[in-house]
Amino acid sequence: PVSYQVPKALMPLVNVPMIEYTLEFLAASGVQEIFVFCCAHAEQVISYVRDSQLELRLASVRLHVLAAKSPCFSAGDALRE
């Protein structure tokens, strides 16, 4: 599968990574603060958000990208991080 090399959030849909659609939808809905929690391929997601300047384009949103320090297998594991 392609997702072994590229995180699913960065897979393109009409040449735009899916994470952009999600973040833009949340910003348009009035969400003011977004936390993106990454487990696998965290470095790729962090570098994409930084290099694409998503936080500047979504000016009304405070965007936080967090990387897991240990493997997470459930939402509970992510919340404990």
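In this predicted model, Arg50 pairs up with Asp51 in a salt bridge, with the closest N and O atoms 3.5 Å apart. Both partners, Arg50 and Asp51, are exposed. The total number of salt bridges comes to four, and two others are worth a look here.

One of them joins Asp77 and Arg80, whose side chains meet at 2.8 Å, N to O. Both residues sit in helix α4 (residues 75–80), three residues apart, or about one turn of the helix.

Another salt bridge runs between Glu33 and Arg62, where the closest N and O atoms are 3.8 Å apart. Glu33 belongs to strand β3 and Arg62 to strand β4 (residues 62–67), so this pair ties together parts of the chain that are 29 residues apart in sequence. Glu33 itself is partly exposed, at 35% relative accessibility.

Turning to the inside, the largest nonpolar core has 15 residues, and the members touching the most others are Ile19, Leu23, Val36, Val45, Leu54 and Leu63. Of the elements, α2 supplies the largest share, with four residues. Setting aside neighbours within four places in sequence, Ile19 is in contact with Ala9, Leu10, Val36, Val45 and Tyr48. Two of these partners, Val36 and Val45, are themselves among the core members that touch the most others.

That leaves the cysteines. A disulfide is a covalent bond between the sulfur atoms of two cysteines. The structure holds zero of them. For Cys38, the nearest cysteine sulfur is that of Cys39, 7.8 Å away. Since the cut-off for a disulfide is 2.5 Å between sulfur atoms, Cys38 is in no disulfide. Cys38 also counts as buried, at 5% relative accessibility. For Cys72, the nearest cysteine sulfur is again that of Cys39, this time 3.9 Å away, and Cys72 is likewise in no disulfide. Cys72 counts as buried too, with a relative accessibility of 17%, where the limit for that class is under 20%.

Technical notes. Residues are numbered from 1 along each chain as its sequence is written. This is a predicted model: local features need pLDDT of at least 70, side-chain atom pairs count only at pLDDT 80 or more; totals for chains, interfaces and linings use all residues. Side-chain values use heavy atoms; hydrogens and water are left out. A nonpolar core is a set of buried Ala, Val, Leu, Ile, Met, Phe, Trp, Tyr and Cys residues joined through side-chain atoms within 4.5 Å. Buried means under 20% relative accessible area, exposed over 50%, partly exposed in between (1.4 Å probe, protein chains only). Helices (H or I, at least four residues) and strands (E, at least two) are DSSP runs, numbered from the N terminus. Contact means heavy atoms within 4.5 Å.
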